[in-house]
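Please keep the coordinates open while going through them.

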Amino acid sequence: MVDFTLTDEQKEIQRLAHEFAEKEIRPKAWDYDRDATWPQDIIEKAFEVGLMNSHIPEEYGGPGLDYLTGCLIEEELGWGCSGIGTSLMCNGLASAPVLIAGSEEIKKHYLGMLTEEPKLASFCLTEPDAGSDVSSMRTTAVKKGDHYVINGTKCFITNGSHASWYTVYAKTDKDAGHRGISAFVVPRDADGVVVDKKEDKLGQRASDTAMISFHDVAVPAKNLLGEENKGFKLAMMTLDRTRPGVAAMAVGIARAAFEFAVEYAKERIQFGVPIAMHQAIQFMIADMATKVEAARLLTWKAASLLDQGKRNTLVASHAKRFAADSAMEVTVDAVQVYGGYGFIKEYPVEKLMRDAKIMQLYEGTSQIQRLVIAREVLMPRRIEEPQREPAAASA
Ligand code: COS
């Protein structure tokens, strides 16, 4: 039986996240977007009420919520403001590889940092010349005694300027392609870590996106996550876990745009009636509603598979692709429903349209999601494979 009913606990967390988005995020969202204000005050409040680090298990100080519940939170925060929501949720991306492959010592130390105080961590995979093509990365990690020495530059790093530690992917075998990549936890205060540049963005302007470079950064060998040269799979497994959350954030943006469009369509009078009475507008509203609903269902399925311990690669890409593209389409349509006013910053929907664009880009573009989907569909054997976890590093 397929049951879409949420548990009482899930409903309560959803209500808490919605209330937070309505009272703490929405009143500041448009100002923070305009001024590209870092939402430190909101991060501290979200931490206090328990809306951050939802995925970190209780033994490391987190609430240990399941993936579906995490998605409920992400949808509400995305509804409030996806720029601020991304700042609040990014610890999930940085800490997933630690949870999958870190030693007990590393988990306790680095996950504990995030749950004890409102601290942040970032995921450093992308490079200026290695975006979709992860295995072409140039950052290197060379083993010297009981340390690795890391050199390279990572770009588009969410929360990069404010992170206390980074999950960094680097080549440990330059000639081995994707089989020569390893992942490390790098503390921000390690010598040689430099925040180079904060990006000025089209959308999600309240979130921080930075370029980080590593100059002869020595990290202890115990900071290696999992086995040497198994970092590529670790990155892919991480993205399988986090893409449902990105999809949920996209659903939140789409839902916000849909709600604004419905409200405006009922108020705006043209040809003597509210524009909601015109079939041209009704069809747009109907399509928006369907896209929000369908994107949410895919998102919940992708998260539920994870909660059941099943491989979710295919559905995570379905969800991320469809929700991101839907958010883009729905926000463009919301601007259209507002007509000329939609193009004016005084009205709420142009921000949502700008914010939606990144959903089609980060954590794998919509084209990369299609590539993953095509491979999973055309090579069905892979769908049946159990989720493969790299062996955890010893403490
Ligand atoms: N889980 C576990 N293992 C996986 C996997 C997954 N979801 N996806 C791929 N792998 C494994 C493959 O099985 C293969 O294993 P072998 O070494 O045993 O052969 C290996 O990883 C390489 O896979 P593949 O051949 O598919 O790698 P490609 O170089 O073709 O890259 C894509 C695949 C394009 C899908 C990958 O590079 C990708 O996701 N790119 C986008 C990156 C991204 O999202 N960046 C955003 C950064 S975060 S903002």
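**Notes on the predicted model**

1. Contacts of isoleucine 212. Leaving aside neighbours within four places in sequence, isoleucine 212 is in contact (heavy atoms within 4.5 Å) with Gly152, Thr153, Lys154, Ile157, Gly160, Tyr166, Val193, Val194, Val195 and Asp196. Isoleucine 212 belongs to strand 7 (residues 209–220), where helices (H or I, at least four residues) and strands (E, at least two) are DSSP runs numbered from the N terminus. Its relative accessible area is 0%, and it therefore counts as buried, a term that means under 20%, with exposed meaning over 50% and partly exposed in between (1.4 Å probe, protein chains only). Between the C-alpha atoms of isoleucine 212 and aspartate 133, which are 79 residues apart along the chain, the separation is 19 Å.

2. Basis of the values. This is a predicted model, in which local features need pLDDT of at least 70 and side-chain atom pairs count only at pLDDT 80 or more, whereas totals for chains, interfaces and linings use all residues. Residues are numbered from 1 along each chain as its sequence is written, and side-chain values use heavy atoms, with hydrogens and water left out.

3. UniProt, in an unreviewed entry, lists "domain: Acyl-CoA dehydrogenase/oxidase N-terminal" for residues 7–115, a span that is 76% helix and 0% strand, with its end C-alpha atoms 25 Å apart. For residues 122–217 the UniProt record (unreviewed entry) gives "domain: Acyl-CoA oxidase/dehydrogenase middle", and here the content is 0% helix and 51% strand, with the end C-alpha atoms 16 Å apart. The UniProt annotation "domain: Acyl-CoA dehydrogenase/oxidase C-terminal" (unreviewed entry) covers residues 229–377, which are 77% helix and 3% strand and have end C-alpha atoms 27 Å apart. UniProt positions are in the numbering used here, feature names are shortened, and annotations may be inferred rather than shown by experiment.

4. Two further buried residues. Valine 185, in strand 5 (residues 181–187), has a relative accessible area of 0% and is therefore buried; not counting residues up to four places away in sequence, valine 185 touches Val98, Ile106, Tyr110, Trp165, Tyr166, Val219, Asn223 and Leu225. Threonine 238, in helix 7 (residues 231–267), is likewise buried at 0% relative accessible area, and, with the residues up to four places away in sequence not counted, threonine 238 touches Leu93, Ala96, Pro97, Ile100, Phe123 and Tyr169.

5. Helix 3. Helix 3 (residues 67–80) has 14 residues and reaches 20 Å from its first C-alpha to its last, close to the 20 Å expected at 1.5 Å a residue, the expected span being 1.5 Å times one less than the number of residues. Of its 14 residues, 13 are buried, and helix 3 is thus mostly covered.

6. Backbone points to inspect. Phenylalanine 156 has a positive phi of about 55 degrees although it is not a glycine; this residue lies in strand 3 (residues 147–158) and is exposed, with a relative accessible area of 55%. Phenylalanine 271, also not a glycine, has a positive phi of about 55 degrees, and is placed in the loop between strand 9 (269–270) and strand 10 (273–274), where phenylalanine 271 counts as exposed at 78% relative accessibility.
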